[in-house]
Amino acid sequence: MKDLFYFIGKMQRNSGIALYLNMLLAFSISFLDGISIYMIVPLLSVIGVLDMSMGEIPLLSSAFDYLESLNLALNLPTVLGIYILIVGGQAFLQRSQNVNNSKILQSFIHMLRNDIYNGLIVAKWEFFLRKRKSDFNHVLVNELGRVGVGSSMFLQMITSFIFTAIQIGLAFWLSPLLTAVVLVSGGIIAFFSRRFVKKAKHLGDQTSELSQHYFAGITDHFNGIKDIKSNRMEHTHIQWFSSISKDLEANVVRFVRLNSLSQFIYRLSSVILIAGFVYLALEVFRTPAEQLILVVLIFTKLWPRFISIQTNMEQLVSNLPAFRILRSLLDECREEAEPEVRIGRPEQPLTHMRQGIECLNVQYRYDRNQPIYALRNVNVTIPANSMTAIVGKSGAGKSTLVDMLMGLIHPEKGQVLVDGVSLMDDKRLISFRNTIGYVAQDPFLFNESIRYNLKLVDPNADDEALWKALRFSASEEFVRRLPHGLDTVIGDRGVRLSGGERQRIVLARAILKQPSILVLDEATSALDSENELLIQQALERLKGSMTIIVIAHRLSTIRNADQVIVMDHGEVIQQGGYQQLSQDAKGTFRTLLNYQTAK
Ligand SMILES: Nc1ncnc2c1ncn2[C@@H]1O[C@H](COP(=O)(O)OP(=O)(O)OP(=O)(O)O)[C@@H](O)[C@H]1O
């Protein structure tokens, strides 16, 4: 419930006066609804069905005294006219309330959606290392939707409470004793309905768990669809899908069963209550008929509200886990925000690195609870404006070291210095990170035009600059051959381009940024020898004007590196010039080189 009130507070701050206006509308609608019931008495009296004296009914008597003072005769047209006015006014207010409700709710959801998305996008890289990406989709689609339903239930409950309070007030005015009897009975039923609410909460927890599992599963399956198809694994996945879909179905049916059982109990008890109540009113309390009719009418309107409060309550409670999940994600994002978000962008302009990056006794574990080090006692220096190559077997820690050098992750022990200043210094980190251009092994391109993808790093770049960057990455020729050149839209995750073409476009993008440090993580692995040579020559031309860090498996591509760092099991085991290391007959680098030349 704490989480619910946290969000209701947010909704109240977001909607401001509109929420109170909504309550006022609910109050007016309920009041008019009550009055419309009152109108039944004069209507029946005018029609001649009942011979009732208005004097018996408190509110009506003064209302009709007032009408008489206006010289309005209490005849059928007057009564029907007043009735139309009241019900019409109520319908008009109801319409305004519905629109207002929807505005409050949608603007609240819009705010939350933005909060979550912005929170996620500005969270640190380490946060993403610990999380499943599918969980974010799940929160933004499913859990946010459930928070919307829960909040809508909450607004409906406020309306129902106001309605119920007013109707009870009117009934109390007519007959305090009978109203008290009905309220006590209602209270008893509500007390015994608590277990339904508890069960609904339990089912809500299950819903969250199941749908999170479902989302993670389908995301994995479609990401790995090529593997599934090529290895004929469709059957296993169909079975998994069918089983989780069945669980989802059962979860919803269980909830509906619970909900209808509580509704059934409410309905049954209400009819028993009304029967007993009429009996008591007539036989014991000798209530006047016109009062009895009104009270019965009010309660037959009131009971569905009681039921809807119970239903809303169960639905609200079943959606509470979504409130909890959303809140904890928002809190986590806030704690894990990039320094730029926490301290704002430093005022001093970006400075290009002058001396270099230094790692001093760096240790790093992905999981602090496990004794597995991805980096241990790493001491390296990357001189500015030079080219450094990092090599080693798969899993040696190359990408982890590069992430550390870029300030994406921070050492558990030791430190990383840029021009002698620690990267733990937030201002330093922000300004340093802005000067990096990075190309991954499996680079990501948006499902947009090549121009859009390139201009992401420099929205003001003109065509000449774009072509220059493409020329650098040996992509000019193939881009010119595409049907719409720079405006060609790249397919879903860039599938219409080959792996090598994608790598070259992303390399062009990195260059367009004019970085001070260019990081290539296996960035030319998908290129053919001819294009790889072209890029090597281009990198050679860049040497001296920017710091280049390259992770390479193909050692032939790093012949021109100023220094080579060899890693194994998270440690730097060799460090030196290419020629120097290749001449060390006992060294790992020589062994790696021998493997590759023997192929
Ligand atoms: N996100 C992660 N969570 C947990 N462990 C990780 C994560 N990323 C990497 N590791 C582990 O850290 C170690 C170093 O991984 P890293 O990716 O740095 O190696 P690498 O040398 O770049 O490998 P490759 O050449 O195969 O890309 C490996 O044992 C790996 O299992």
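What share of the 599 residues in the chain is buried? In this predicted model, buried residues make up 32% of the chain. The secondary structure comprises 23 helices and 10 strands. The radius of gyration is 36 Å, well over the 25 Å that the globule rule gives for 599 residues, so the chain is more spread out than a compact globule. The C-alpha trace spans about 115 × 50 × 45 Å along its principal axes. Among contacts in the chain with a separation of 6 or more, 78% are accounted for by residues 24 or more positions apart.

Helix H1 (residues 2-15) and helix H5 (residues 76-121) have axes that come within 10 Å and cross at roughly 110 degrees. As angles of 65 to 115 degrees count as roughly perpendicular, H1 and H5 are therefore assigned to that category. On the H1 side, the contact is made by Met-11, Asn-14 and Ser-15; on the H5 side, Ile-104, Ser-107, Phe-108 and Met-111 take part. Classified by residue type, this contact of H1 with H5 has 4 nonpolar and 3 polar residues, and no charged residues.

The surroundings of the ligand were then considered. The ligand is surrounded by Leu-129, Tyr-366, Ala-374 and Gly-392, together with Ser-394, Gly-395, Ala-396, Gly-397, Lys-398, Ser-399 and Thr-400. Helix H15 (residues 398-405) provides the largest share of this shell, with 3 residues. By class, the shell has 6 polar, 4 nonpolar and 1 charged residues.

Backbone geometry was also examined at two loop positions. Asn-385 is found in the loop between strand E2 (375-383) and strand E3 (387-392). The phi angle of Asn-385 is near 60 degrees, a positive value in a residue other than glycine. With 19 other C-beta atoms within 10 Å, Asn-385 is partly exposed; the criterion for a buried residue is 20 or more such atoms. Asp-419 lies in the loop between strand E4 (413-418) and strand E5 (421-422). For Asp-419, phi is near 50 degrees, again a positive value in a residue other than glycine. Asp-419 is likewise partly exposed, with 15 other C-beta atoms within 10 Å.

Methods
Residues numbered from 1 in each chain as written. Predicted model: local features only at pLDDT ≥ 70, side-chain atom pairs only at ≥ 80, totals over all residues. Helix = DSSP H or I, 4+ residues; strand = E, 2+ residues; numbered from the N terminus. Rg over C-alpha atoms; globule rule 2.2 N^0.38 Å. Buried ≥ 20, exposed ≤ 12 C-beta atoms within 10 Å, placed from the backbone. Contact = placed C-beta atoms within 7 Å. Near = placed C-beta within 6 Å. Nonpolar A, V, L, I, M, F, W, Y, C, P; charged D, E, K, R; others polar. Axes fitted to C-alpha atoms, helices over the stretch in contact; angles between N-to-C directions. Parallel < 35°, antiparallel > 145°, perpendicular 65-115°, else oblique.
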